[in-house]
Amino acid sequence: PLLEGRDVLAAAATGSGKTAAFLLPSMHRLLGLPRGTTRALVVAPTRELAAQITESFRALAGRTGLSAAAVHGGVGMAPQVKAFRAGVDLVVATPGRLLDHLGGGTARLGAVEILVLDEADRMLDMGFLPDIRRILRHLPGQRQTALFSATIPASIAELARTLLRDPVRIDVERTSRPAAGISHALYPVPATRKSDLVIELVGRAQSPNVLVFTRTKHRANRLAGFLEKRGVACERIHGNRSQAQRTAALEGFKRGRF
């Protein structure tokens, strides 16, 4: 349906191949269009996802000559301005930073023919709907739009009704079931002992990698400091960290340094 130019509403879980599912048809169409103007836009909820989609595009593009740029916060705007001026074929953006460029007059989206909203349910959960509607005002009315979401609750269905024209609905949503090999435990503990409990659980962990979620950024910083003082190699990821710090933290976690 995407190759045919149809609008698409798709439910697809993370890891099911949806990135290639929207990138490959988009690239096929871009190959037949004049270069030097941004013709495709992907909007994603997080910096990391925007960077990941951009990397996937470049890997798939090979020697086609097609170009892409990631536009998100946490990094300097100058390279992004340069990409807009050069007219890269595809821009992958987070809503906030894209609106910064639109407000500053540096983004050029008047020739966009393909729009993809990836992980739309997460964007709604994160409160990005007003930002998305503001972005849409800067795009041509005649375009192909694809909306990808892990699930299609009523809010996503309503958004699709306002954004898509006679869409093809594709549902490859996996049957919901508990993940194999996962056990759950609850530890009622006074707030003053929570950090000590984390140390105990890290020590017991059969895996060398432990992921801890905290309610606030401040709590993440405080817990990381507590762990480091006790010899636990750890790093933090949250919105107050620069993109370089977040990328380094993820890479270090994958390689076992943390």
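Contact here means heavy atoms within 4.5 Å. The model shown is predicted.

**View 1. Helices α1 and α2 pack against each other at about 55°.**
Helix α1 covers residues 18–30, and helix α2 covers residues 47–61. Their axes lie 10 Å apart. The angle of about 55° makes α1 oblique to α2. The crossing of α1 past α2 is right-handed. From α1, the residues in contact are Thr19, Ala20, Phe22, Leu23, Leu24, Met27 and Leu30. From α2, they are Ile53, Ser56, Phe57, Leu60 and Ala61. Sorted by class, this contact has 10 nonpolar residues and two polar ones. No charged residue takes part.

**View 2**
Leaving aside residues up to four places away in sequence, Lys18 touches Ala12, Asp118, Glu119 and Phe148.

**View 3. Seven strands form an open sheet with parallel pairing.**
The strand order is β3-β4-β2-β5-β6-β1-β7. Which strands stand at the edges? They are β3 (68–71) and β7 (168–171). Each has a single partner strand, so one side of each has no neighbour in the sheet. On average, neighbouring strands are turned by 15° against each other, direction ignored. Helix α4, residues 95–104, packs on this sheet. Helix α4 touches β2, β3 and β4. The direction of α4 makes about 100° with that of β3.

**View 4. Strand β2 is covered on both faces.**
Strand β2 spans residues 40–43. In a regular strand, side chains alternate between the two faces of the sheet. On one side of β2 sit Ala40 and Val42.

**View 5. Strand β2 pairs with β4 and with β5.**
Strands of a sheet pair through backbone hydrogen bonds, either parallel or antiparallel. Strand β4 covers residues 90–93 and pairs with β2 in the parallel sense. Four bridges link β2 and β4. Strand β5, residues 114–117, also runs parallel to β2. Four bridges join β2 to β5. What stands opposite Val43 in β4? The residue is Ala93. In β5, Leu117 stands opposite Val43.

**View 6. Helices α8 and α9 pack at about 55°.**
Helix α8 runs over residues 194–204, and helix α9 over residues 217–229. The two axes are 10 Å apart. With an angle of about 55°, α8 is oblique to α9. Their crossing is right-handed. Lys194, Ser195, Asp196, Val198 and Ile199 come from α8. They meet Arg219, Leu223, Phe226 and Leu227 in α9. By class, the contact holds five nonpolar residues, one polar and three charged.

Terms used: Residues numbered from 1 in each chain as written. Predicted model: local features only at pLDDT ≥ 70, side-chain atom pairs only at ≥ 80, totals over all residues. Heavy atoms only, no water. Axes fitted to C-alpha atoms, helices over the stretch in contact; angles between N-to-C directions. Parallel < 35°, antiparallel > 145°, perpendicular 65-115°, else oblique. Left-handed = near helix turned anticlockwise from the far one by under 90°. Nonpolar A, V, L, I, M, F, W, Y, C, P; charged D, E, K, R; others polar. Buried < 20%, exposed > 50% of the residue type's maximum accessible area, 1.4 Å probe, protein only. Pairing = 2+ DSSP bridges.
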